[in-house]
Amino acid sequence: MQIMADVGGIPGKNCRGFCKYCYFKTVTQTKVLGCKHCPPGQIGCSHCTTETNMTRDYFPAYQVLSSLQTNIFQTKLPKDTMVNITGDGDVSCYPELLDLTRGIYDMGLTTHLGYTSGKGIDDASIVDKLINNNVVETTFTTFSTNPELRREWMYDPTPEASIEALERFCQSCDVHAASIIIPGVNDGEELARTCEDLESWGAKALILMRFANSRNQGLILSDRPIVPGIVEQDVHEFEQLVKDTAKEYNLKVTGTPLCDPDNDSPYAIAKSKNREYLDILTSVKAEATIITSKISAPYIEKVFDSIGASEHVNVIPTQQEIACLITAEDLEEIDLNEVKDTVIIPGRCFVHDMVAEEILRRDGKFRLIHRGPDMLTYDGEMSGSMTKNDVLKHELISFEDLIELINYMGVRI
């Protein structure tokens with residue numbers, strides 16, 4: 001069991017400055033997107049308004065610890081509970097990190113350090129103190145084990161200390177390393193060296209993250225690239241990089257948005273070797289249109305084609321590659337001549353229900369608009385700690401929910 005201890009923080013401020021490739025670096029103004037959490041007549045809420053995460057500051061450690069203790073007393077958490085320390089800055093920069101982890105240790109609980117780049121560590125000996133405070137798991141943004149690359153691309157003021165800290169973490173607890181891959185920078189021989197280091201140090205896993213540099217790759221909060229001049233990496237080329245890296249090193253290697261070679265995600269049930277599981281799904285008895293991302297569309301089409309429902313359920317891809325990052329702008333580009341009377345949009349997409357209805361009815365035709373399951377599948381960032389059965393089970397449940405929604409709300413055939 002895990003609970004969260006959110007220490008807050010502001011991107012770019014409580015992380016010793018933006019990395020050169022940071023997603024938030026180009027966000028300069030508040031953007032209200034709209035989502036399923038918004039009140040019915042109001043577009044914008046704390047979940048979909050960028051100002052929330054860009055202006056908040058750190059909470060004092062005693063407040064976090066106090067609320068954590070309150071939760072423990074109220075819910076009587078078992079001693080095997082792990083506390084995930086997280087925030088919007090970098091947790092290694094949190095000034096009271098040692099006191100917080102010591103307090104958690106005194107409660108008899110273990111700690112997971114959420115995403116940290118190590119930029120807040122100037123002396124690697126702090127790792128020994130954190131380990132003594134029962135830090136048993138760490139998610140560490142590595143980028144590269146080449147200190148000069150970290151200095152140039154992460155603006156790490158003490159890259160040698162950060163890398164030494166990473167090595168000590170690897171030797172003392174479970175480390176899930178992460179590297180955003182910049183074509184021509186930290187791929188190729190540089191990636192090989194990083195993997196060799198992580199493998200020799202004893203890291204548990206590595207997730208490769210495809211660098212997003214344009215709106216259709218997920219940059220919905222800004223209209224300009226993060227790093228001008230970086231050539232977009234083809235998603236299938238990136239997928240092959242993940243697979244090749246997984247074969248080469250004794251690490252659990254996954255990628256986002258694609259893929260997990262061990263678990264066949266995303267969309268494991270769309271793979272031919274797993275098609276037998278589709279026999280479990282309910283038959284499709286109605287018509288509907290599914291709107292999704294450019295990456296997800298081919299997989300979802302395969303599923304409905306395999307169960308003999310492609311004649312009644314059509315899948316329309318947007319230019320956006322990540323389904324949960326679809327916005328109203330993406331829906332406006334859809335040809336309504338292809339859209340049926342019942343439409344399913346991604347459950348977590350950043351579109352207010354009222355706005356989705358306006359866009360998808362602008363041709364004068366009344367259509368029922370519904371949100372599908374939040375996640376039909378897992379990307380490598382989530383599946384890395386799961387088994388193949390976990391992934392298949394989730395997908396089968398999610399697709400069954402989707403089919404039941406189509407059968408209940410769609411036009412019967």
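Lys204 is partly exposed, at 44% relative accessibility. In this predicted model, the side chain of Lys204 meets that of Asp174 in a salt bridge, 3.8 Å from N to O. Lys204 sits in the loop between α7 and β6 (205-210), while Asp174 belongs to strand β5 (residues 174-181), so the pair ties together parts that are 30 residues apart in sequence. Asp174 is also partly exposed, with 34% relative accessibility.

A second pair is formed by Glu232 and Arg210, whose side chains meet in a salt bridge at 3.8 Å, N to O. This pair links distant parts of the chain: Glu232 is in the loop between β6 and α8, Arg210 is in strand β6, and 22 residues separate them. Glu232 counts as partly exposed at 45% relative accessibility. Arg210 has a relative accessible area of 10%. The cut-off for buried is under 20%, so Arg210 counts as buried.

Arg150 is buried at 1% relative accessibility. Asp156 is buried too, with a relative accessible area of 1%.

| Salt bridge | N to O distance |
|---|---|
| Lys204 and Asp174 | 3.8 Å |
| Glu232 and Arg210 | 3.8 Å |

Side chains of opposite charge can pair when their charged atoms come close.

Which residues form the negative surface patch? They are Glu196, Glu199, Asp244 and Glu248. Two helices contribute: α7 (188-201) and α8 (235-248) each supply at least two residues of the patch. Glu196 is placed in helix α7. Its relative accessibility is 43%, which makes Glu196 partly exposed. Patch residues need over 30% relative accessible area and no salt bridge, so Glu196 at 43% is above the area cut-off.

Is Lys20 buried or exposed? Lys20 is buried, with a relative accessible area of 18%. The value falls under the 20% cut-off, so Lys20 is not counted as partly exposed. Lys20 lies in the loop between β1 (2-6) and α1 (51-55). What does Lys20 touch, leaving out residues up to four places away in sequence? The contacts are Lys25, Glu152, Trp153, Tyr155, Ile226 and Val227.

Notes: Residues are numbered from 1 along each chain as its sequence is written. This is a predicted model: local features need pLDDT of at least 70, side-chain atom pairs count only at pLDDT 80 or more; totals for chains, interfaces and linings use all residues. Side-chain values use heavy atoms; hydrogens and water are left out. Helices (H or I, at least four residues) and strands (E, at least two) are DSSP runs, numbered from the N terminus. Buried means under 20% relative accessible area, exposed over 50%, partly exposed in between (1.4 Å probe, protein chains only). Contact means heavy atoms within 4.5 Å. Patches are made of residues with over 30% relative accessible area and no salt bridge: like charges are joined within 9 Å, nonpolar side chains (Val, Leu, Ile, Met, Phe, Trp, Tyr) within 5 Å. Accessible areas come from the Shrake-Rupley method with a 1.4 Å probe; for residues, only the protein chains shown count as cover. A salt bridge is a side-chain nitrogen of Lys or Arg within 4 Å of a carboxyl oxygen of Asp or Glu. Lys and Arg count as positive and Asp and Glu as negative; His and the chain ends are not counted. The place of a charge is taken as NZ of Lys, CZ of Arg, CG of Asp or CD of Glu.
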